[in-house]
Amino acid sequence: DCERNPVTNYTDCFVHNTSWIGNGYCHGGVYNTAACGFDGGDCDVYNEKYPDCDVDYPENIGDGRCDGGVHNTAACGWDGGDCDLY
């Protein structure tokens, strides 16, 4: 189902799972945008640490596992330090 739902308090934010906005977990993609309040504030710390790291799954940054690819870049802090040894 490709329907997107409006989010209360974020009139320009339309996402599949409105309950994810402001649930304490940083989601990537359309959730981590100005229109969605950077996931209702859930991505504020992530965006402060990695302002130029644009990945779909920000939870992979600094999760203790070197994910490589787009995560293993200077902008993403070498996967939040997970890829320092590689």
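Student: How many aromatic pairs does the structure hold?

Tutor: Two aromatic pairs turn up in this predicted model.

Student: Why is the pair of Trp-20 and Tyr-31 called tilted?

Tutor: The ring centres sit 5.3 Å apart, and a pair needs centres within 6.5 Å. The planes of Trp-20 and Tyr-31 meet at 40 degrees. Stacked would be under 30 degrees and edge-to-face over 60, so Trp-20 and Tyr-31 come out as tilted.

Student: Where in the chain do Trp-20 and Tyr-31 lie?

Tutor: Both Trp-20 and Tyr-31 belong to the loop between E2 and helix H1 (37–40), and they are 11 residues apart.

Student: How do you know whether Tyr-46 and Tyr-50 are buried or exposed?

Tutor: Set their relative accessible areas against the 20% limit for buried. Tyr-46 has 9% and counts as buried; Tyr-50 has 11% and is buried as well.

Student: Which residues make up the largest nonpolar core?

Tutor: Eight residues do: Cys-26, Cys-43, Tyr-46, Tyr-50, Cys-53, Val-55, Ile-61 and Cys-76. Apart from that core lies another, of six residues, including Cys-13, Val-15, Ile-21 and Tyr-31.

Student: Which residues does Tyr-50 touch, leaving out those up to four places away in sequence?

Tutor: Tyr-50 touches Ile-61, Ala-75, Cys-76, Gly-77 and Gly-80.

Student: What makes E1 and E2 a strand pair?

Tutor: At least two bridges are needed, and E1 (residues 5–7) and E2 (residues 10–15) have three, in the antiparallel sense. One of the residues involved is Val-7, whose bridge partner in E2 is Tyr-10.

Student: What stands out about the phi of Asn-9?

Tutor: Most residues other than glycine have a negative phi. Asn-9 is not a glycine, yet its phi is positive, at about 75 degrees. Asn-9 lies in the loop between E1 and E2, in a hairpin with two residues between the strands.

Student: Why is Asn-9 called exposed?

Tutor: Exposed takes over 50%; Asn-9 has a relative accessible area of 71%, so the word applies.

Student: And Asp-39: what is its phi, and why is it called buried?

Tutor: Asp-39 also is not a glycine, and its phi is positive at about 60 degrees. Asp-39 is found in helix H1. Its relative accessible area is 0%, so Asp-39 is buried.

Student: What pattern does the protein follow along the sequence?

Tutor: β-β-α-α-α, with three helices and two strands.

Student: How much of the protein is buried, and what does its accessible surface come to?

Tutor: Buried residues make up 31% of the 86 residues. The accessible surface is about 5400 Å², and 49% of that belongs to carbon and sulfur atoms.

Student: What does the C-alpha trace span?

Tutor: About 45 × 25 × 20 Å along its principal axes.

Methods: Residues are numbered from 1 along each chain as its sequence is written. This is a predicted model: local features need pLDDT of at least 70, side-chain atom pairs count only at pLDDT 80 or more; totals for chains, interfaces and linings use all residues. Side-chain values use heavy atoms; hydrogens and water are left out. A nonpolar core is a set of buried Ala, Val, Leu, Ile, Met, Phe, Trp, Tyr and Cys residues joined through side-chain atoms within 4.5 Å. Buried means under 20% relative accessible area, exposed over 50%, partly exposed in between (1.4 Å probe, protein chains only). Contact means heavy atoms within 4.5 Å. Helices (H or I, at least four residues) and strands (E, at least two) are DSSP runs, numbered from the N terminus. Accessible areas come from the Shrake-Rupley method with a 1.4 Å probe; for residues, only the protein chains shown count as cover. Rings of Phe, Tyr and Trp (its six-membered ring) pair if their centres lie within 6.5 Å; planes under 30 degrees apart count as stacked, over 60 as edge-to-face and the rest as tilted.
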